[in-house]
Structure formats: C-alpha cells, structure tokens
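Please look over the sequence and the fold shown here. A short report follows.

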Amino acid sequence: MAKVAVVTGGTRGIGAAIAKALKNEGYHVAANYAGNDEAAKAFSADTGIQTFKWDVSDYEASKSGLAEVEAALGPVDIVVANAGITRDAPFHKMTPEQWTQVIDTNLTGVFNTVHPVWPGMRERKFGRVIVISSINGQKGQFAQVNYAATKAGDLGIVKSLAQEGARAGITANAVCPGYIATDMVMAIPEEVRTKIISGIPAGRFGDPDEIARCVTFLASDDSGFINGSTLSANGAQICS
Ligand code: NDP
C-alpha cells in the first residue's frame with residue numbers, strides 16, 4: 001500500500017514542490033497550510049493533492065488536523081515539517097512579538113507537527129521525519145536572531161529524535177536550503193537580493209524542486225541508515 005506523507009506549509013513555495021514530488025513518487029500526500037485559502041485551492045486544483053488548514057503553532061489544532069489527515073488518507077508514515085515564517089529585524093529593534101511568532105511557528109511548530117504522529121510511527125516500526133531548516137540556522141544571519149535560533153533548534157530536534165527513533169525504524173533528518181526562489185525570498189528588496197546572489201558561489205538562487213529532491217531521497221526506503229543528518233543544499237555557501 002502507498003505510504004502517507006504530510007507536508008506542513010505544503011501549498012506554496014518549497015512545501016508545494018515537496019508535496020508534488022512526493023505525489024510523483026507514488027505517496028498519498030496531504031498538504032497543510034495556514035490561511036491562504038486562494039493559494040491552497042489553486043494548488044489542489046492543479047495537483048489533485050488534498051489540502052488541510054491548521055496553524056502549526058497551535059498544538060491542539062495540529063493534533064486534530066493530523067487526525068483529519070489520518071482519517072482521510074491513513075496513518076502518517078512521512079512527516080515533512082516545512083512551514084516557516086520570517087519576522088526580520090536587527091536585534092536592537094526586534095520586538096518580543098517578532099521573537100515569539102517565529103519561535104511558535106518554526107520551532108514549536110515542529111514539535112506540534114511531529115509529536116502527534118510519533119506514537120503511531122513507533123508502533124508501526126517505520127517513520128520518516130524531515131525538517132526543513134535553513135543555512136541561516138547553520139551560520140546565523142543579520143536581523144534574523146529569531147529565525148536563526150529556530151532553524152538551529154531544528155538541527156537539535158532531528159539529532160535527538162534520530163537517537164530516540166532509530167531502534168523503532170524511524171529516521172529524522174534536516175534539509176538546510178540556501179536561498180531558494182520562493183515568495184519568502186522574493187519579498188527581500190531587489191538590491192539586497194542582488195547582493196545575496198553575489199555571495200553564492202553557484203551565482204543563483206536554488207529552485208524549490210532542488211529541495212524537493214532532497215526530501216524524496218530522505219523519505220525513501222534507501223535512506224534508512226541516514227539518521228540525524230543535515231543535508232545542505234545551498235550552491236556551495238559552505239558554512240560548517
Ligand atoms: P513560503 O512563504 O513560500 O510558504 C510558506 C508556507 O508555509 C505556506 O504554505 C504557508 O501557508 C505555510 N505556513 C506559514 N505559517 C504557517 C503556520 N503557522 N501553520 C501552517 N502553515 C503555515 O515559504 P518557503 O517555501 O520559502 O519556505 C518553506 C520553508 O523553507 C520554511 O521553513 C523556510 O524557513 C525554509 N527555508 C526557505 C528558504 C528560502 O530561501 N525560501 C531558505 C531556507 C529555508 P499559507 O499559504 O496559508 O500562508
């Protein structure tokens with residue numbers, strides 16, 4: 001039987017590319033989103049992938065959203081914690097709200113996404129947890145104290161989950177994208193984007209499909225001995 005995969009933030013950007021790639025690999029895929037119904041509707045019409053709306057920063061909403069996914073598609077085998085936001089500001093100007101919003105979505109959101117499906121993975125002796133971190137969690141970034149903290153935290157989460165899940169047939173790995181051409185990056189002012197590209201040895205932004213291919217590999221049976229790893233995909237912006 002086809003395995004079931006859920007992708008948070010799976011209706012736009014990197015998440016949409018991941019959801020489509022997993023569907024093309026033959027998985028039953030559910031794509032979660034937060035509030036952009038129009039984008040979710042267009043994505044679903046385009047791909048035939050079922051969408052589910054909940055806020056990953058809310059534990060109870062995540063639990064019931066994931067229960068809805070399981071009722072519709074079956075037990076979740078693969079969970080891709082991709083939903084993420086930025087609220088950038090230099091540290092001296094960063095507000096407690098900007099800090100909390102990013103922590104709640106990008107870090108607590110990973111706990112909220114994985115925790116409800118973890119017991120089922122343990123029982124069935126199979127699971128794939130893939131967390132979309134960031135190059136900025138590896139090296140830090142100006143005006144992203146909040147975001148970098150969450151993305152570095154993701155790496156701690158997967159390294160710990162890997163140790164807890166290994167004997168139960170569960171792997172947990174992170175993908176660290178560099179700059180990828182999505183709404184999040186295209187919202188950066190053009191002069192800043194040009195400066196960023198000049199610092200990427202590949203001389204370009206990445207494509208969402210290039211991240212999706214990392215995820216389909218980590219989701220596959222072939223990756224069973226890769227556990228607690230970080231896969232960097234950043235056009236040679238070597239940072240660790
Ligand atoms: P986008 O802004 O293009 O898409 C974000 C997606 O996440 C949307 O589907 C959005 O839903 C969803 N989302 C946001 N907040 C929530 C929430 N609270 N609950 C549920 N869903 C939510 O982002 P990207 O594709 O650029 O980024 C995806 C991930 O990759 C993020 O974790 C990001 O940090 C990471 N990343 C991105 C990089 C890049 O260069 N783009 C580089 C490195 C890492 P809705 O449509 O409803 O708003």
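UniProt, in an unreviewed entry, lists residues 3–183 as "domain: Ketoreductase". UniProt positions follow the numbering used here, feature names are shortened, and annotations may be inferred rather than shown by experiment. Helices (H or I, at least four residues) and strands (E, at least two) are DSSP runs, numbered from the N terminus.

This is a predicted model: local features need pLDDT of at least 70, side-chain atom pairs count only at pLDDT 80 or more, and totals for chains, interfaces and linings use all residues. Residues are numbered from 1 along each chain as its sequence is written.

The model has an open sheet of 7 strands with parallel pairing, in the order β3-β2-β1-β4-β5-β6-β7. Its edge strands, β3 (50–53) and β7 (230–233), each pair on one side only. From one strand to the next, the twist averages 20°. Two strands pair if DSSP finds at least two bridges between them.

| Parallel pair | Bridges | Facing residues |
|---|---|---|
| β1 (residues 4–7) and β2 (residues 28–33) | 4 bridges | Val7 and Ala31 |
| β2 and β3 | 4 bridges | Ala30 and Gln50 |

Helices pack on this sheet. Helix α1 (residues 13–24) touches β1, β2, β4 (78–81), β5 (127–132) and β6 (170–177), and its direction makes about 165° with that of β2. Helix α4 (residues 96–114) lies across β4 and β5, at about 165° to β4. Contact means C-beta atoms, placed from the backbone, within 7 Å. Axes are lines fitted to C-alpha atoms, for helices over the stretch in contact; angles run from 0 to 180 degrees between N-to-C directions.

β2, helix α2 (residues 37–47) and β3 form a right-handed β-α-β unit. Right-handed means that, with the strands pointing away from the viewer, the path from the first strand over the helix to the second runs clockwise.

Conventions:
Two residues are in contact if their C-beta atoms, placed from the backbone, lie within 7 Å.
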